Amino acid sequence: MVDEKALWIKYRNNSTQENRNLLALNYLPLVKRIAAKIYTTIQGKVEFEELLNYGIFGLLTSIERFEESRNLKFETFATHRIRGAILDGLRQIDPLKRGTRSKVKKIDRAINELKSSLGKDPSDKDVADYLNITKEELLNWYAEIDALSTFQSDFSDSEKSYIDLSMAIEKLEEREKQVIDLYYYEDLSLDEIAKILNISVSRVSQIHGKALIKLKSQLEGDA
């Protein structure tokens with residue numbers, strides 16, 4: 001059995017590429033798990049090995065930048081970076097997401113302007129009316145949205161961002177928090193989340209997309 005603590009001590013005492021790679025080998029299953037989950041959402045448009053390579057880059061960067069004094073588990077710190085590295089890689093090669101990103105911008109702008117004029121969070125009907133679409137169309141837009149089309153970069157790239165993200169999640173509605181927690185922290189699929197919450201997969205997708213829009217609005221508003 002690999003002594004993880006000994007690997008870290010060895011790397012801290014001598015930060016060679018060889019010692020870094022020994023640590024990376026130890027955490028490779030984490031990269032594979034994250035890449036596999038993203039692979040299922042992109043329906044084979046990119047080879048799994050390509051996702052893995054992006055993820056390994058994120059893992060290596062995580063090892064180099066991880067500071068034990070932050071009192072944060074390495075797996076927690078690395079998970080966001082690995083996912084971010086994979087999403088960044090996909091953004092560079094997937095022009096099909098442009099249409100969805102355009103919808104994200106429209107919804108985001110509508111929510112911010114309505115918040116300002118109404119003095120409260122707008123309802124789905126408010127947003128749909130503002131965009132001159134039906135509420136059903138708006139829900140379909142939400143269902144298309146994922147982290148890849150919502151965030152331009154890894155929003156948890158620093159300790160401050162990680163804290164900001166945690167605070168933004170706390171402001172979500174309870175059902176939205178449940179979906180974000182189960183999907184991003186428990187690594188469950190949308191199908192699995194639908195069964196737990198006893199709702200349809202399409203409804204989970206809508207809640208997930210709407211929650212991402214809210215997080216984007218809060219994080220960029222606080223920037």
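**Close-up 1. Ser-123 sits in the loop between α5 (98-118) and α6.** Helices here are DSSP runs of H or I with at least four residues, strands are runs of E with at least two, and both are numbered from the N terminus. At 34% relative accessibility, Ser-123 is partly exposed; the term buried stands for under 20% relative accessible area, exposed for over 50%, and partly exposed for values in between (1.4 Å probe, protein chains only). Ser-123 and Ile-111 are twelve residues apart in sequence, and their C-alpha atoms are 9.0 Å apart in space. Please keep in mind that this is a predicted model, in which local features need pLDDT of at least 70 and side-chain atom pairs count only at pLDDT 80 or more, while totals for chains, interfaces and linings use all residues. Residues are numbered from 1 along each chain as its sequence is written, and side-chain values use heavy atoms, with hydrogens and water left out.

**Close-up 2. The protein as a whole has twelve helices and zero strands.** Reading from the N terminus, the elements run α-α-α-α-α-α-α-α-α-α-α-α. Of the 223 residues, 45% are buried. Take the contacts (heavy atoms within 4.5 Å) between residues at least 6 apart in sequence: 64% of them join residues at least 24 apart.

**Close-up 3. Helix α2 (residues 17-41) crosses helix α3 (residues 48-65) at roughly 135°, with the axes coming within 8 Å.** The angle makes α2 oblique to α3, since angles under 35 degrees count as roughly parallel, over 145 as roughly antiparallel, 65 to 115 as roughly perpendicular and the rest as oblique. The axes are lines fitted to C-alpha atoms, for helices over the stretch in contact, and the angles run from 0 to 180 degrees between N-to-C directions. The crossing of α2 past α3 is right-handed, a label for a near helix turned clockwise from the far one by less than a right angle, with anticlockwise giving left-handed. On the α2 side, the contact includes Leu-28, Val-31, Ala-35 and Tyr-39, and α3 contributes residues including Phe-48, Leu-51, Leu-52 and Ile-56. By type, the contact residues of α2 with α3 are 16 nonpolar, two polar and three charged. For this count, Ala, Val, Leu, Ile, Met, Phe, Trp, Tyr, Cys and Pro are nonpolar, Asp, Glu, Lys and Arg are charged, and the others, Gly among them, are polar.

**Close-up 4. Ala-35 is a residue of helix α2.** Ala-35 is buried, and its relative accessible area is 0%. Apart from neighbours within four places in sequence, Ala-35 contacts Phe-48, Leu-51, Leu-52 and Ile-86. Leu-87 is 52 residues from Ala-35 along the chain, and the C-alpha atoms of the two are separated by 9.9 Å.

**Close-up 5. Helix α10 meets helix α11 (residues 190-197), the axes coming within 10 Å and crossing at roughly 135°.** Here α10 is oblique to α11, and α10 passes α11 in a right-handed crossing. From α10 come Arg-175, Gln-178, Val-179, Leu-182 and Tyr-183, which meet Leu-190, Ile-193, Ile-196 and Leu-197 of α11. This contact of α10 with α11 divides into seven nonpolar residues, one polar and one charged.

**Close-up 6. Asp-124 and Lys-210 form a salt bridge, with the closest N and O atoms 2.8 Å apart.** Asp-124 belongs to helix α6 (residues 124-131) and Lys-210 to helix α12 (residues 201-222), so the pair ties together parts that are 86 residues apart in sequence. Both Asp-124 and Lys-210 are buried. The structure holds nine salt bridges, each one a side-chain nitrogen of Lys or Arg within 4 Å of a carboxyl oxygen of Asp or Glu. Another of them joins Lys-115 and Asp-121 (3.7 Å, N to O); Lys-115 is partly exposed at 30% relative accessibility, whereas Asp-121 is exposed at 55%.

**Close-up 7. Glu-174 pairs with Lys-177 in a salt bridge whose closest N and O atoms are 3.7 Å apart.** The two are three residues apart in helix α10 (residues 174-185), so about one helical turn separates Glu-174 from Lys-177. Glu-174 is exposed at 53% relative accessibility, while Lys-177 is buried at 17%. Shared partners link Glu-170, Glu-174 and Lys-177 into one salt-bridge network. Also in helix α10 is Glu-176, a buried residue with a relative accessible area of 4%. Not counting residues up to four places away in sequence, Glu-176 touches Ile-207, Lys-210, Ala-211 and Lys-214.
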